[in-house]
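Here is a quick tour for anyone opening this structure for the first time.

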Amino acid sequence: MYKGTNASAGIGIGKAAIIKEVEMVIRPDKVANGQTEVERFRDALSETVAQTKALAEDLATKVGEKEAEIMQGHLMLLLDPMMTGEIESAITGESVCSEYAIETVCTTYADMFASMDDELMQQRATDMRDIKTRMQQVLQGVKPVDIASLPENSIIVAKDLTPSMTAGINPAHVTGIVTELGGKTSHSAILARALEIPAVVAVNGVMDKIQDGDSVVLDGSEGVVIVNPTDVQMAEYTAKRDVFLQEKKDLERFIGMPTVTKDGVHIELVANIGNPDDLAKVLQYDGEGVGLFRTEFLFMDRTSMPTEEEQFEAYKKVAVGLSGKPVIIRTLDIGGDKEIPYMGLAKDENPFLGYRAIRLCLDRKEDIYRPQIRALLRASAFGGIKIMVPMITCLDEIREAKALIEDVKKELDKEGIAYNKDIQVGIMVETAAASLMADVFAKEVDFFSIGTNDLTQYTMSVDRGNEKISYLYSTFNPAVLRSIRNIITCAREAGIMVGMCGEAASDPMMIPLLLAFGLNEFSMSASAILKSRKMITGYSTEDLQAVAEKAMSFTTAKEVEAYMKEFVNQ
């Protein structure tokens, strides 16, 4: 039995299909005619672009537009004139072959992305290496690994799976994925979850432990891989798989059911989205609205600022699609950790404590914030839009943001443009400062939404991307739990709605505590909604008070987590 990281839930049973890419030798071979070699590069680039478009279209059909965006991101990289220009300059300036020019330029970009603190940018490094390899394969006539034609009941075993490889998987034939490298947030893991294929990643030395054709069982929920299982183990995991699939089917009965606890407390169960195309999944899983629309994705993977009109259309699409249900849209949350050349952001020494989010937006009201506020207000005429301001640390920031909103309202009145005059404005409570001042902020805004990912990071002074100190990053830490309880209490006392849009909102061990604390709204990935509804409707908030009291009596995260695990598993 081997342990790895649980990347995509479910039980996979099948025969190992070892995936190894053909190794290419890239040498700095000299070319006689630089211009002829540039044409050779351009032909390879065109072919790679065509392959990528086909993968994106196939992925959009298989799982949806949101997942296809990963391959759309590859297209943006391939068509980046700065990068292609550098490759062509290397070919003509150094008289080297296309393969070597691609190697040097793409590796430089990949290393730059890999060195960034932001997880999204680190994924760009993987994407860059993927397109580098694919262009070189075209140039050398090397056929990429044909994952699409694997036989039924295949368990893919690989050093790592690139996004393009994962995008080519036929889910009807692949029952599981095991890799040596990768993590939960890697693009290949995201695609595995979208394709609903169980996956375990970061299994150390797995390529030396499994032979082609070996019988393999993997538990993507627990991060376990078993090679050539015994009859007893095979029977155990076959039963587990049947239970998992039956539970998944059983969740369908919660579609259309109100999210109400046993003692009659109504809970708003909503979804986190990154763009309008995610709406399909929200409706599929019967989300009661959107608790977080991350608008930064409208600003990324492009060469210029999105116009007011482009933003308006995106916000309007979600508002109309949800037919009046609440849509909380977070204003731009971006900083020096994101590579957005047209914004001209200097790299911060510590981007998570730097010039970002509301600090950036208030400083650049005219070119960034005002157009976004105008677009949001205009779109509010078409549905239940609410405005949420991120990373608030002091009262002056939210007052200045609200003043700008009032100013834009007057502009729209003069222009005769419709908007919701009673639009709600709230804040994302994700800093220690906002938590400590929650009673004061609750009198200034219409709602709170707790961002547990950052609240945990800032409360514990832990960079959540740093593996060496990741043991400190736990929402179950008593300091974080006290903070969450205080925020909810202050909101309830002020009579405003309080929600949560961080990972903790869908954590089965956190849900009982959050219900006991009095959380009104739970926002999560659309795919987690039905499972959370099933849990919530099975609890009584009154009965959970004693559970919360006991949990809050512990002094370490491990004690709290162990207690909550035992309670949930009863």
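## A helix with a buried side

Let's start with helix 4, which runs over residues 98-114. Its 17 residues reach 24 Å from the first C-alpha to the last, close to the 24 Å expected at 1.5 Å a residue. Keep in mind as you look around that this is a predicted model.

Which residues of helix 4 are buried? They are Ser98, Glu99, Ala101, Ile102, Val105, Cys106, Tyr109, Ala110 and Phe113.

Rolling a probe the size of a water molecule over the atoms shows where empty space is left. Here there is one cavity of 30 Å³ or more, and the largest cavity holds about 50 Å³ of space.

What lines the largest cavity? You'll find Leu161, Thr166, Ile177, Thr179, Ser188, Ala189, Ala192, Ala199 and Val201 around it. Strand 5 (174-179), helix 7 (187-194) and strand 6 (199-201) are the elements that each give two or more residues to this lining. Helix 7 has the largest share, with three residues. Sorted by class, the lining has six nonpolar residues, three polar ones and no charged ones.

Now for something open: the second largest pocket, with a volume of about 620 Å³. It is lined by 19 residues, and the closest to its centre are Glu21, Lys159, Asp160, Thr162 and Met165.

Which helix gives the most to the lining of this second largest pocket? That's helix 5 (residues 119-140), with five residues. By class, the pocket lining counts eight nonpolar, four polar and seven charged residues.

## One tyrosine up close

Last stop: Tyr563, in helix 21 (residues 557-569). Is Tyr563 buried or exposed? With a relative accessible area of 19%, Tyr563 counts as buried, because the cut-off for buried is under 20%.

As for its neighbours, leaving aside residues up to four places away in sequence, Tyr563 touches Val547, Lys550, Ala551 and Phe554. Then there is Met509, which is 54 residues from Tyr563 in sequence, with 9.2 Å between the two in space, C-alpha to C-alpha.

Terms used: Residues numbered from 1 in each chain as written. Predicted model: local features only at pLDDT ≥ 70, side-chain atom pairs only at ≥ 80, totals over all residues. Heavy atoms only, no water. Helix = DSSP H or I, 4+ residues; strand = E, 2+ residues; numbered from the N terminus. Buried < 20%, exposed > 50% of the residue type's maximum accessible area, 1.4 Å probe, protein only. Contact = heavy atoms within 4.5 Å. 1 Å grid on protein atoms, 1.4 Å probe; cavity = no way out; pocket = protein on both sides within 12 Å on 5 of 7 lines; lining within 4 Å. Points joined across faces, edges and corners; volume = space filled by probe spheres on them. Nonpolar A, V, L, I, M, F, W, Y, C, P; charged D, E, K, R; others polar. Expected span 1.5 Å × (residues − 1).
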